[in-house]
Amino acid sequence: MEQRINTTDQGQQNDLTPQADLLRQILQPGNLQAAWRAVKANKGGPGVDGKTIDETRQHLRQHWAGIAEKLRAGNYQSAAIKAVSIPKAGGGVRTLGIPTVQDRLIQQAILQVISPIFDVTLSEHSYGFRPNRSAHDAVTAARNFVKSGKTWVIDIDLKNFFDQVNQDKLMHLVSRKVGDKTLLKLIGGYLRAPLQHADGTRQPRTRGTPQGGPISPLLANIILDPLDKELERRGVSFVRYADDIAIFVSSQRAGERILASVIAWLERHLGLEVNRDKSGVGPVEKSALLGFRLHRDGEISIAPKAITRLKDRVKELWDARLSRTRDEMRQQWRSYIDGWWNYFQFSTQRWTVTALGGWIRRHMRKCFWLRWHNPKGRRNALARLGVTGRALGVAACRRGAWPMARHVVVQNALKTRTLIRYGLGLPWDLQTA
C-alpha cells in the first residue's frame with residue numbers, strides 16, 4: 001500500500017454541518033487523502049517550484065504540519081502559477097496557468113468540500129464539470145430542443161473568458177455561500193496568484209481565474225450562474241457547458257433579438273466581453289456543440305472541425321521522423337484513438353469517420369515503409385509479414401512512401417487484420433470485427 005501523507009489534525013471534529021468551519025472540513029485527513037488521489041490520477045507536470053508529484057509527496061511528509069498551520073491561521077501564500085501555452089483548435093494559443101502540485105492538492109481539497117454547496121443551486125441547463133453530468137448530456141438536451149422545432153441556434157463566444165472574469169464579482173458570489181473568511185482569503189489568493197512565464201517574469205493578475213487549477217471550472221460555473229438564472233427567467237431553451245453557451249430558438253429573427261439582449265446583459269451585469277465575430281445566429285446544421293453537429297431530424301454527426309483535428313492528429317502520431325519504439329507508437333495511438341472514439345461514438349451518423357478508415361491505415365503503412373529505411377530493411381520486414389517470392393521485389397521500388405502505402409503488396413502485408421493483431425486497429429472496426 002502506498003505510504004500516506006501525514007495529514008493528522010488533532011483538533012478536528014467529524015460532525016460538522018455543511019456550512020460550519022469549512023476550512024476545518026477541507027483539512028480533514030479523509031478529504032486530503034481523496035484530494036491527493038485525484039491530483040495523482042490527473043498526473044500533470046510540475047509548477048513553478050519544479051517539484052513532481054513524487055517530490056511533492058516527500059515534501060508534504062516533512063512539512064505538512066507547518067503548511068496546515070498556515071492554512072488555519074490564514075497566512076498561507078500560494079505559489080505563482082506556471083504559464084503554459086497550448087494551441088487552440090481554431091488557431092492561436094491559449095495560456096494555461098498551472099499551479100504547483102502542492103497548490104493543486106489544496107485546491108482539490110477545497111473543491112471537494114465547497115462544490116456540493118454550490119452544485120445544488122446551479123441551473124439544470126449547466127452541464128460542465130458537475131457530478132453526474134457530461135457533454136453528452138448537454139448534446140442530448142440540445143437535440144431535444146431541436147426536435148421540438150427550435151432549429152436555429154445562438155452561439156455565444158465569451159472573449160478570453162478565463163482571463164477576463166471580474167474577481168470582485170466572483171468573490172462576491174462565492175461569499176454568498178461561503179462564510180468562512182479564512183477560506184475566502186485563501187480562494188482570493190489563488191485568483192490573484194501571479195502568472196510566471198518561461199523567462200521567469202511574473203505578471204500580476206487582477207482579473208480572471210487561472211485555467212489549469214482544479215478549482216477553476218467550479219469558479220467558472222459560479223460566475224456564469226447568474227446568466228443561467230437570467231435565461232431561465234426569460235424562458236429560453238439553452239445549454240451551457242463551462243463557457244460554451246448555445247440558445248435554441250424557432251426563427252432567425254428571434255435569435256438576433258435574443259443575441260443582442262444577452263450580449264448587453266453579460267457586459268452590464270458580469271463585465272464579460274462577447275466576441276462578436278465568433279458569436280451569431282444560424283441553422284443548427286451549420287453550427288457545432290461540443291464537437292457535434294445537430295440535425296433537424298434528430299440525428300447527431302461529428303462536427304467537421306472535429307474531423308479535421310482528428311486528421312491532423314493522425315498525421316502527427318504517424319510521423320515516421322519521430323523517434324519512438326514500436327511499443328511507444330502503439331501506446332500513443334491507442335491512448336489517443338480510444339479516447340477520441342469513446343467520446344465521439346455518441347454520434348448517430350458515423351460515416352464521416354468510418355469513411356476515413358482507409359486513409360488512416362494508409363498513413364500507418366506510409367510510416368512503417370519509411371521506418372524500414374532502405375530496400376534491405378523493407379525486404380526483411382515484408383518477409384516477416386508473410387510476403388514471399390517475386391512480391392518481395394517491391395522493396396526496391398523507388399516510388400514515394402505515400403504511393404507505396406497504397407501498393408497492393410504493402411496493403412496485403414499490413415492488412416486490416418494484421419494491424420488489429422498488432423494493436424493498431426481502429427475502434428469502429430473492432431466493434432464490427
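**Group meeting talk: a walk through one predicted chain**

Let's start with a sheet. Four strands form an open sheet in the order S2-S1-S4-S5, and the pairing is mixed. Its edge strands are S2 (93-98) and S5 (202-203), and each of these pairs on one side only. Two strands count as paired if DSSP finds at least two bridges between them. Helices (H or I, at least four residues) and strands (E, at least two) are DSSP runs, numbered from the N terminus.

Before going on, some ground rules. This is a predicted model: local features need pLDDT of at least 70, side-chain atom pairs count only at pLDDT 80 or more, and totals for chains, interfaces and linings use all residues. Residues are numbered from 1 along each chain as its sequence is written, and side-chain values use heavy atoms, with hydrogens and water left out.

How confident is the predictor? pLDDT is its confidence in each residue, from 0 to 100. The protein chain averages a pLDDT of 91, and 94% of the residues score at least 70. Over residues 8-18, pLDDT stays under 50. The model has 18 contacts beyond four places in sequence for that stretch. A contact means heavy atoms within 4.5 Å. Where pLDDT is low, the predicted coordinates should not be read in detail.

Next, the overall picture. The protein chain has 19 helices and 10 strands. Its C-alpha atoms fill a box of roughly 80 × 65 × 40 Å, taken along the principal axes. Of the 433 residues, 48% are buried. Buried means under 20% relative accessible area, exposed means over 50%, and partly exposed is in between (1.4 Å probe, protein chains only). Take the contacts with a separation of 6 or more: residues 24 or more positions apart account for 71% of them.

Strand S4 (residues 195-196) pairs with S5 in the antiparallel sense, over two bridges. Gln196 stands opposite Arg202 in S5. Asp199 sits in the loop between S4 and S5. Is Asp199 buried or exposed? Asp199 is exposed, because its relative accessible area is 60%. Asp199 and Phe238 are 39 residues apart in sequence, and their C-alpha atoms are 43 Å apart in space.

Phe238 takes us to strand S6 (residues 237-241). Why do we call S6 largely enclosed by the rest of the structure? Because five of its five residues are buried. Both faces are covered. Ser237, Val239 and Tyr241 are buried on one side, Phe238 and Arg240 on the other. S6 runs antiparallel to S7, and five bridges join them. Tyr241 has Asp244 as its bridge partner in S7. S6 and S7 form a hairpin with two residues between them. Ala242, in the turn, has a positive phi of about 55 degrees.

Now a helix residue. Gln107 is found in helix H4 (residues 101-119). Gln107 counts as buried because its relative accessible area is 5%. What does Gln107 touch, leaving out residues up to four places away in sequence? The list is Pro99, Tyr190, Gly213, Pro214 and Ile215.

Last topic: empty space. Rolling a probe the size of a water molecule over the atoms shows where empty space is left. We use a 1 Å grid over the protein atoms alone. A cavity is a set of points where a 1.4 Å probe fits but cannot get out. A pocket is an open set with protein on both sides within 12 Å along at least five of seven lines. Lining residues have an atom within 4 Å of a point. Grid points are joined across faces, edges and corners, and a volume is the space filled by probe spheres set on the points.

How many cavities of 30 Å³ or more does the structure hold? Four. The largest cavity has about 70 Å³ of space. Its lining residues include Val153, Phe248 and Arg293. Strands S3 (152-157), S7 (244-249) and S9 (292-294) each supply at least two lining residues. The largest share, three residues, comes from S9.

The second largest pocket has about 350 Å³ of space. It is lined by 14 residues, and Arg326, Phe368, Trp372, Ala381 and Arg384 lie nearest its centre. That lining divides into eight nonpolar, two polar and four charged residues. Nonpolar covers Ala, Val, Leu, Ile, Met, Phe, Trp, Tyr, Cys and Pro; charged covers Asp, Glu, Lys and Arg; the others, Gly among them, are polar.

Note on methods:
pLDDT is the predictor's confidence in each residue, from 0 to 100.
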